[in-house]
Amino acid sequence: MAQSKSLIRQSHFLGTKIRNLRKRNHLTMEDLSARCMRVDRESAPSVSYLSMIERGKRVPSSEMLSVIAQVFQKEPAWFLDDEPEQQDITPTKGNRGGISGMALEPSFLFSNNILQIAIPEMLSQAGITGKQFAHLLIRAHQESLQNHFPDLERAAEDVGLKRLGMAVEDLMDIASDMGLYIKWVKRTPKDVVDELGISGKQLVTSFFEPPNTIYVNEILRDYPTRLKYDLSVYIGHCVLHSRDALKNVLTVGNPNSWLESGDTHSTSELNSQDILHAWRDFESSFFAGALLCPKVPYRQLLDRMGYEIDVHKRAGVSPSVAMRRMTVVSPYPHWHYFDAYGPGKLKAVYRGNGIPLPWGNMRKVSDPCQHWAVFRRLSEPQNGSSAQISILNVGDEPRIYCCESINMTDPAGNNRVLCAGIDLNPAIDAQGGDSQSIAHELQAACVTGGGSASISQPIKKDLVTIAKILNINWIERGLETDARLICSRGNVCPRQPSCYQKDEVRTNFEL
């Protein structure tokens with residue numbers, strides 16, 4: 001009895017460890033139960049009991065644990081709580097895309113009731129509004145699915161008939177056929193200061209008045225790609241949701257663009273309406289991209305253009321829409337995308353490749369890495385696009401990224417940097433290469449070079465092969481410049497000497 005109670009007190013991670021081991025060895029519960037029966041039929045768990053163990057609803061006896069341990073060639077003590085390795089307790093389902101998941105263990109502390117009580121207090125203490133948290137949830141869902149929303153794609157294709165390069169008049173005709181009326185109004189950009197003290201310009205580009213009127217800012221006559229996007233969003237709302245419930249206001253330059261008109265006092269309170277409105281906005285925005293850049297014809301265009309950013313001109317859309325859709329339609333899933341405002345404010349983020357963030361939009365950090373391409377182009381705007389090969393430690397492993405960045409000015413007059421990038425490690429491994437040895441070699445060269453280094457011919461040859469297989473032209477352009485070490489925070493700077501060993505006051509940037 002004493003041994004059984006001791007096992008219960010040390011079993012908070014046991015279910016997660018068994019589940020992860022089973023999945024990593026490609027075993028079903030039926031497989032594992034059968035394997036256990038071959039070891040010891042008397043002590044082997046049934047499928048239903050094994051399911052309860054993995055969900056933390058039951059604790060196996062010491063005899064049953066010994067049987068399971070024997071199947072996986074582990075010591076029984078490995079399954080208990082003492083100093084669990086993160087990879088052993090991280091749910092496998094959290095690694096399908098985007099940032100890795102975390103183990104919700106001990107499971108009783110992550111019950112629905114406890115989370116419902118704790119989340120609002122957490123938001124209040126962290127200074128995060130309920131609507132911001134809703135968007136974080138949606139982004140995590142988007143990243144875990146690696147941007148695959150086939151129902152939204154089909155809905156957009158039914159409306160647009162898979163036409164690429166639609167004109168403003170085409171979208172106005174679609175809106176008219178749906179019973180929507182368009183009226184032009186005058187709005188001018190205004191200076192705004194957000195809750196973090198960051199100043200910028202905000203411009204209301206359009207808004208909807210139920211039941212059927214779209215008010216469009218006259219300034220969009222000079223920005224047809226933005227006009228097409230706004231019209232597509234409202235068409236999406238009407239196709240996917242009831243227009244009577246639509247209270248949408250579209251803006252540029254405002255990092256809190258999801259706030260409803262007149263909503264000036266966002267709080268940390270999280271309710272179902274926050275989630276519902278945020279989700280509807282996301283669906284309508286995704287629909288707009290799919291309507292303007294339907295998947296099959298847009299992928300064919302990207303293939304012909306080698307994923308050049310200038311493809312937006314051929315497609316008749318903004319660079320932002322073109323780059324976001326790249327992450328969706330590309331057969332290669334390991335993409336990231338940033339839409340950044342200076343200094344260091346991210347308006348939009350997508351991380352299907354799990355790349356850590358150097359900053360975001362919810363709190364400040366004192367040591368952002370200034371060597372990210374998106375950072376450098378914010379501080380020193382350039383004409384045209386530029387590619388960069390970067391090496392970044394993710395966990396304990398170096399990863400090779402390549403990104404393409406472009407400066408643009410939005411209709412409100414704000415400087416923005418759009419950045420699309422990919423993780424090259426999976427592509428290297430898929431071709432039978434050793435991504436870790438290449439990444440370590442490139443990382444060592446950059447450390448020796450003080451943070452950057454030219455890419456050796458053998459590595460360049462390997463990466464040119466990858467560029468041609470993926471058919472992404474800017475990877476080859478990135479190889480012509482020095483590779484750079486980047487970090488997620490200055491306190492883990494890999495450069496020697498570290499960029500952050502100087503006794504200088506650094507500017508606070510946002511995270």
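This is a predicted model: local features need pLDDT of at least 70, side-chain atom pairs count only at pLDDT 80 or more; totals for chains, interfaces and linings use all residues.
The largest cavity is lined by 13 residues, and those that lie nearest its centre are His336, Trp372, Ser390, Cys403 and Ile486. When the whole structure is searched, 1 cavity of 30 Å³ or more is found. As for what surrounds that space, β6 (335–341), α16 (373–379), β9 (385–394) and β10 (397–409) each supply at least two residues of the lining, and β10 gives the most, with 3 residues. By kind, the lining residues of the largest cavity divide into 10 nonpolar, 3 polar and no charged.

Let me turn to a pair of helices. Two packed helices are described by the angle between their axes and the distance between the axes. Here helix α13, which covers residues 295–305, packs with helix α15, residues 319–329, at an angle of about 100 degrees, and their axes are 10 Å apart. Because angles from 65 to 115 degrees count as roughly perpendicular, α13 is roughly perpendicular to α15. On the α13 side, the residues that meet α15 are Lys295, Tyr298, Arg299 and Leu302, while α15 brings Ala322, Arg325, Met326, Val328 and Val329. The residues of this contact divide into 6 nonpolar, no polar and 3 charged.

Leaving aside residues up to four places away in sequence, Ile466 touches Leu424, Ala427, Ile428 and Gln431.

Finally, I would like to point out some details of the backbone. Most residues other than glycine have a negative phi, and most peptide bonds are trans. Gln73, although not a glycine, has a positive phi of about 55 degrees; Gln73 is found in the loop between α5 (62–71) and α6 (86–89), and at 69% relative accessibility Gln73 counts as exposed. Lys162 likewise has a positive phi, near 60 degrees, and is found in the loop between α9 (150–160) and α10 (168–177), where Lys162 is partly exposed, with a relative accessible area of 46%. The peptide bond from Pro210 to Pro211 is cis, with omega near 10 degrees, and Pro211 has its place in the loop between β3 (199–209) and β4 (213–217).

Conventions. Residues are numbered from 1 along each chain as its sequence is written. Side-chain values use heavy atoms; hydrogens and water are left out. Axes are lines fitted to C-alpha atoms, for helices over the stretch in contact, and angles run from 0 to 180 degrees between N-to-C directions. Helices (H or I, at least four residues) and strands (E, at least two) are DSSP runs, numbered from the N terminus. Angles under 35 degrees count as roughly parallel, over 145 as roughly antiparallel, 65 to 115 as roughly perpendicular and the rest as oblique. Contact means heavy atoms within 4.5 Å. Ala, Val, Leu, Ile, Met, Phe, Trp, Tyr, Cys and Pro count as nonpolar, Asp, Glu, Lys and Arg as charged, and the others, Gly among them, as polar. On a 1 Å grid over the protein atoms alone, a cavity is a set of points where a 1.4 Å probe fits but cannot get out, and a pocket is an open set with protein on both sides within 12 Å along at least five of seven lines; lining residues have an atom within 4 Å of a point. Grid points are joined across faces, edges and corners, and a volume is the space filled by probe spheres set on the points. Buried means under 20% relative accessible area, exposed over 50%, partly exposed in between (1.4 Å probe, protein chains only).
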